[in-house]
Amino acid sequence: MYLRKSFLTFTRNYNVLCLNLIQQNLYSYHVNKNYVPLQFLINTLQYSNNSPSKCWNCNFVYKSDLFCSKCKVLQEPPENLTYFDIIGISRSYDVKITEIQKKYKELQKLLHPDKYSTKSEKEKQLSENLSSLVNKAYTTLIHPLKRGLYMLKLNGITISEETDSLNAEFLMKIMEKNEEIEEATNNVEKIKKLVQDNEIILNNLAKKIADAFRQEDIEKAKSFLVQMKYYDSINNRLKKLKHDLGIIE
Amino acid sequence: MSLLRSLPSGLNRTTKLISRSVPSVSYHPNVIDHYENPRNVGSLDKNDPKVGTGIVGAPACGDVMKLQVKVDEQGRIIDAKFKTFGCGSAIASSSLATEWVKGKTVDEALALKNTDIAKELCLPPVKLHCSMLAEDAIKAALSDYSIKQKQKTNENSNTNET
């Protein structure tokens, strides 16, 4: 009862602010229907596009909303949403991390399964699906490499598993970097320096990738993302080393 | 061996804890054997005309592999070394590759297939590209060697002419 009441006040108070936001976020597909369908969404959620959206609980025909506007229960999301739609930001490599974090928290406040522990099984299930979807979207979009690779995927491009031996000079550089880390294993100062250097490289690459996506040069973005993958592996190695040495920054 | 030394001492304990809590597909004993006791880790002098160096990378996972071979006058591989920064399967694949090419002729080594490596290590489909990396590393090393040899013969013929 309390939840329901608080939810009603919430809808009233934040009608313009929040619900509009949610509508744009999870439901911007109404504006633009040219999204690539995502396989996992089709697998996990069954949603019929042809029939008008009816509340599964009370059969009320509702318009694009997370909740039925009549009986206020949680609804299934449409199937072809991108992670950008889910979080509610425009589809671009340039994102504001603080904006993603803020919108992510707002969505989880509404959708987290903890809020549905006293609700029906179906609503629990829906909140679990939606919540994990929001989590996936968040972790993908917040990470410069994952976000870039995801954008390639939306453009129908994946990085092949083929061996890359064309750019020997670049690979030599990566090899040397790895050897440098190997030698510096117990040298805290050296590791810190290497972490800084690597972060600078990653940031520069992120800028180049953003430029490439802005110019819609997908191939160029891909080649920089491949480079970023190698430096990301180095970054993960350094992080692990830092953790093992107990370096906290 | 230095690859192993870089592993933290507490790793064993944590991996045990993790493996107990998370159901996961474990590596085949052959992979673990090569991972824990990698053969032929190290470097050869890449400026030596008898040494061929191959560096390859896997763009999908960010692994890098360096494989070097030393070939004698008879065209037989007398030494092989590798250095791999990547997953266990990539390390095991390159370790096995160096073991196999030693004592083989250049042509025999070129005939080595990634499927043989994958079969020996029982690699699952998602890790097949690691064995492909090892095969390509052998090829790259041998092609580097043959380029060096050609350059040498060219230089020789040039000096003979003058």
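Is A:Phe213 buried or exposed, and at what relative accessibility? At 9% relative accessibility, A:Phe213 counts as buried (buried is under 20% relative accessible area, exposed over 50%, partly exposed in between, with a 1.4 Å probe and protein chains only). This is a predicted model, where local features need pLDDT of at least 70, side-chain atom pairs count only at pLDDT 80 or more, and totals for chains, interfaces and linings use all residues. Residues are numbered from 1 along each chain as its sequence is written, chains are lettered from A and ligands numbered from 1 in the order written, and side-chain values use heavy atoms, without hydrogens and water.

**Aromatic pairs in chain A**

- Six aromatic pairs are counted over all chains (rings of Phe, Tyr and Trp, the last by its six-membered ring, pair if their centres lie within 6.5 Å; planes under 30 degrees apart are stacked, over 60 edge-to-face, the rest tilted).
- A:Tyr93 and A:Phe213 are stacked, at 5.6 Å centre to centre and 20° between the planes.
- This pair links distant parts of the chain, 120 residues apart. A:Tyr93 sits in the loop between helix H4 (83-87) and helix H5 (97-111), and A:Phe213 in helix H9 (residues 188-214) (helices are DSSP runs of H or I with at least four residues, strands are E runs of at least two, numbered from the N terminus).
- A:Tyr93 is buried too, at 3% relative accessibility.
- A:Phe170 and A:Tyr230 form an edge-to-face pair, with 5.7 Å centre to centre and 70° between the planes.
- A:Phe170 lies in helix H8 (residues 168-183) and A:Tyr230 in helix H10 (residues 218-245), so the pair ties together parts 60 residues apart in sequence.
- A:Phe170 is buried at 8% relative accessibility, and A:Tyr230 is buried at 0%.
- A:Tyr83, A:Phe84 and A:Tyr150 are linked into a cluster by ring pairs.

**Charge over a ring**

- A:Arg147 lies over the face of A:Tyr93, 4.4 Å from the ring centre (the rule asks for NZ of Lys or CZ of Arg within 6 Å of the ring centre and within 35 degrees of the ring normal).

**Annotated region in chain A**

- UniProt, in an unreviewed entry, places a "coiled-coil region" at residues 167-201 (positions follow the numbering used here, feature names are shortened, and annotations may be inferred rather than shown by experiment).
- Over residues 167-201 the chain is 86% helix and 0% strand, with the end C-alpha atoms 18 Å apart.

**A buried threonine in chain B**

- B:Thr98 is in helix H4 (residues 88-101) of chain B.
- B:Thr98 counts as buried, at 0% relative accessibility.
- Neighbours within four places in sequence aside, B:Thr98 is in contact with B:Arg39, B:Asn40, B:Leu67, B:Ala80, B:Lys81 and B:Phe82 (contact means heavy atoms within 4.5 Å).
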